[in-house]
Amino acid sequence: MRKKSGERCQSILDAAKIMFEKVGFEQATMAEIAATAGHSKATLYNYFSSKEQLFLELARRSADRHSEQLFSLLMQDYGNASLDTLPDQINQVLTLLQPSDDLPATLQRFGEGVMSNFLSLKSLAARRMLIAAAATQPEAGRLFFENGPAKGMQITAQFFAQAMNAGQLRRADPHVVAAHFRGLLESEVYESGLFNARRELKPKQVKATVERAVSAFIRAYAPTASDLTHD
């Protein structure tokens, strides 16, 4: 049975990802990608005119998954929202954050999800591939950053802005607050993982690492008396 068009395209993308991670963007060839996918070069070129176009599509899809996963992690307790309806839907969801909500518990759950999804060795291997390719394919790097990490920071900043409005955090630039929280989550594990110098984190390690990050964050951004009386 012949594969459907969508399935064939996905098999090509999967094969390209394998080859890019195995030998790097520069060394991978369209012939090797076609062979790995089990297709002819002619079939491959019917879908992607060049290796660069293939890589751009991988970067776009990776960025979309990044922002969607981050959104779902942060908003899992606040309704069924979708990135397809940003920004209206995200604003509607964020208004559900109330002063009675347990912010440290929300950040703990969110932090554990971030660490498990984005700081795993598999995720960092993909990031190494993107970083290396961005040197010669800056468009791919820009595409991934703007639609993945940058969009994720926007979502997180809006969450923290709402937490400030609810009196749960002191007043500050929400984008800086989001950057600080991300930095705390990454501080113990990012570089060692990026350079493949550690093993995969176990759930107990993830939990303890996030607890330290959340504790430091809450101490740094605990609301002041003026924040609690802010209208």
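Which helix gives the most to the lining of the largest pocket? That is H4, with seven residues.

A note on the model: this is a predicted one, where local features need pLDDT of at least 70, side-chain atom pairs count only at pLDDT 80 or more, and totals for chains, interfaces and linings use all residues. Residues are numbered from 1 along each chain as its sequence is written, and side-chain values use heavy atoms, with hydrogens and water left out.

**View 1. The largest pocket, at about 570 Å³.** A pocket here is an open set of points on a 1 Å grid over the protein atoms alone, where a 1.4 Å probe fits, with protein on both sides within 12 Å along at least five of seven lines. Its volume is the space filled by probe spheres set on the points, which are joined across faces, edges and corners.

**View 2. The pocket lining, 21 residues in total.** Lys17, Ser62, Arg65, Ser123 and Ala126 lie nearest the centre. Two or more lining residues come from each of H1 (5-23), H4 (51-75), H6 (103-118) and H7 (121-134); helices are DSSP runs (H or I, at least four residues), numbered from the N terminus. Lining residues have an atom within 4 Å of a point.

**View 3. H6 against H12 (residues 203-221).** Their axes, lines fitted to C-alpha atoms over the stretch in contact, come within 9 Å and cross at roughly 135°. Angles run from 0 to 180 degrees between N-to-C directions. So H6 is oblique to H12, oblique being what is left after under 35 degrees (roughly parallel), over 145 (roughly antiparallel) and 65 to 115 (roughly perpendicular).
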